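Hi,

Here is the structure I said I would pass on. Have a look at it first, and then read my notes below.

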Amino acid sequence: MTTLPYSPRHGLIRAVLRLHRVPLWVWTLSVVAGASGLVWLHHLGQEPALYGDSCGATGLLQCATELRYGSTELRSAQLVAWLPCGIAACAGAALIGRELEHGTAALAWAQSVSPARWLAAKLAVPAVALLGGAAALNLLFRWVWVSGPDGGVNRWNSEYFHAAGSVGPVYVLLGLALGALAALLTRRTLPATGLALAGMALAYTLGDQARSSLWPASEVRGPWGPALNQADQLEAGMITKSGEHVSGLACGDQTVPGDLATCLSNHGAVDFYAKIHPTSHYWPIQLVETGIVLALAAAVVAAAFRVLRRSLP
């Protein structure tokens, strides 16, 4: 007698692992390949030529090494930030949509597996695999980035913010949830995949736009100097005699204090100001955005279960 895929004797989780072992192996190999590439990038970042004015002092070979490292680090950040989320969105759409299209979901429900348990297993197994792999790549990239010649600059760039912080893995969970919800709404794999990817693109865009408002900005006064190099500068300008902050006013490349004083006087101002997020705001903003995205992912999962219940006869 043939045992059906969702036989309770085998367990629902085991059945899901068996049915989708090929995608799980592909994801595992992808994580291993990505980790190997990041380890190689770490070794490249320890080249002595990368620590100093290599392009201006020691020749073309060192300059080429520095440029190769910088471009490779950026591409690595982009891959770690975006690729796992895209894979998660596609996985959620494919794992749910394919079974709804082929009728195997109804077969599972007929074997004493409730629709809610079926959906929970379909989400839990890939969630663990995707979250574990994405977290490993994020930690490895952060190790490479912080220990490299740039010492962790570019922290406010979108790619680096996602690839080296806690927000990266939770966006992966959001992608999986969006894929599942889209599949339950369309009951087809390809339309669900398109909707999930579009939803992820929208989430990334909104996250980048709202990030600077997630934590109160600090105001610094005086001529802008090295202290702002690693800060996220939101606004800059001058303070007039009446105390009004006027953004956009600047003195160009003047560095002599007398020139700056003349510049301020010409604009009727008394000081410079800038509104920034210093490096000390990095982790608070990371954690706030992580919480928001995690809550959004939970809401999307709840919506998926609600759609599933309402679609049952």
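How do α6 and α8 run relative to each other, roughly parallel or roughly antiparallel? Before the answer, one thing to keep in mind: this is a predicted model.

**α8 and α6**

Helix α6 covers residues 115-147 and helix α8 covers residues 167-186. Their axes are 9 Å apart, and the two pack at an angle of about 150°. Angles over 145 degrees count as roughly antiparallel, so α6 and α8 are roughly antiparallel to each other. Their crossing is right-handed.

If you want to find the contact on screen, look on the α6 side for Leu119, Leu123, Pro126, Ala127, Leu130, Leu131, Ala134, Ala135 and Asn138. On the α8 side, the contact is made by Gly168, Pro169, Val172, Leu173, Leu176, Ala180 and Leu184. Sorted by type, the residues of this contact are 14 nonpolar and two polar, with no charged ones.

**α8 and α9**

Next up is helix α9, residues 189-210. The axes of α8 and α9 come within 8 Å and cross at roughly 140°, and the two helices are therefore oblique to each other. α8 passes α9 in a right-handed crossing.

From α8, the residues that meet α9 are Tyr171, Leu174, Gly175, Leu178, Gly179, Ala182, Ala183 and Thr186. Across from them, α9 brings Pro191, Ala192, Leu195, Ala196, Gly199, Met200, Ala203, Tyr204 and Gly207. This contact of α8 with α9 has twelve nonpolar residues, five polar and no charged.

**α8 and α11**

Then there is helix α11, residues 282-311. Here the axes of α8 and α11 come within 9 Å and cross at roughly 20°. Angles under 35 degrees count as roughly parallel, so that is what α8 and α11 are. The crossing of α8 and α11 is left-handed. The contact between them divides into 20 nonpolar residues, two polar and one charged.

**The cavity**

How many cavities of 30 Å³ or more does the structure hold? One. About 30 Å³ of space lies in the largest cavity.

Its lining is made up of Val80, Ala81, Pro84, Cys85, Ala134, Asn138, His162, Gly168 and Val172.

Which helix gives the largest share of the lining? That is α4, with four residues. α4 spans 60-102, and α4, α6 and α8 each supply at least two residues of the lining. By type, the lining residues of the largest cavity are six nonpolar and three polar, with no charged ones.

That's what I have for now. Happy to go through it together.

Cheers

Note on methods: Residues numbered from 1 in each chain as written. Predicted model: local features only at pLDDT ≥ 70, side-chain atom pairs only at ≥ 80, totals over all residues. Heavy atoms only, no water. Axes fitted to C-alpha atoms, helices over the stretch in contact; angles between N-to-C directions. Parallel < 35°, antiparallel > 145°, perpendicular 65-115°, else oblique. Left-handed = near helix turned anticlockwise from the far one by under 90°. Contact = heavy atoms within 4.5 Å. Nonpolar A, V, L, I, M, F, W, Y, C, P; charged D, E, K, R; others polar. 1 Å grid on protein atoms, 1.4 Å probe; cavity = no way out; pocket = protein on both sides within 12 Å on 5 of 7 lines; lining within 4 Å. Points joined across faces, edges and corners; volume = space filled by probe spheres on them.
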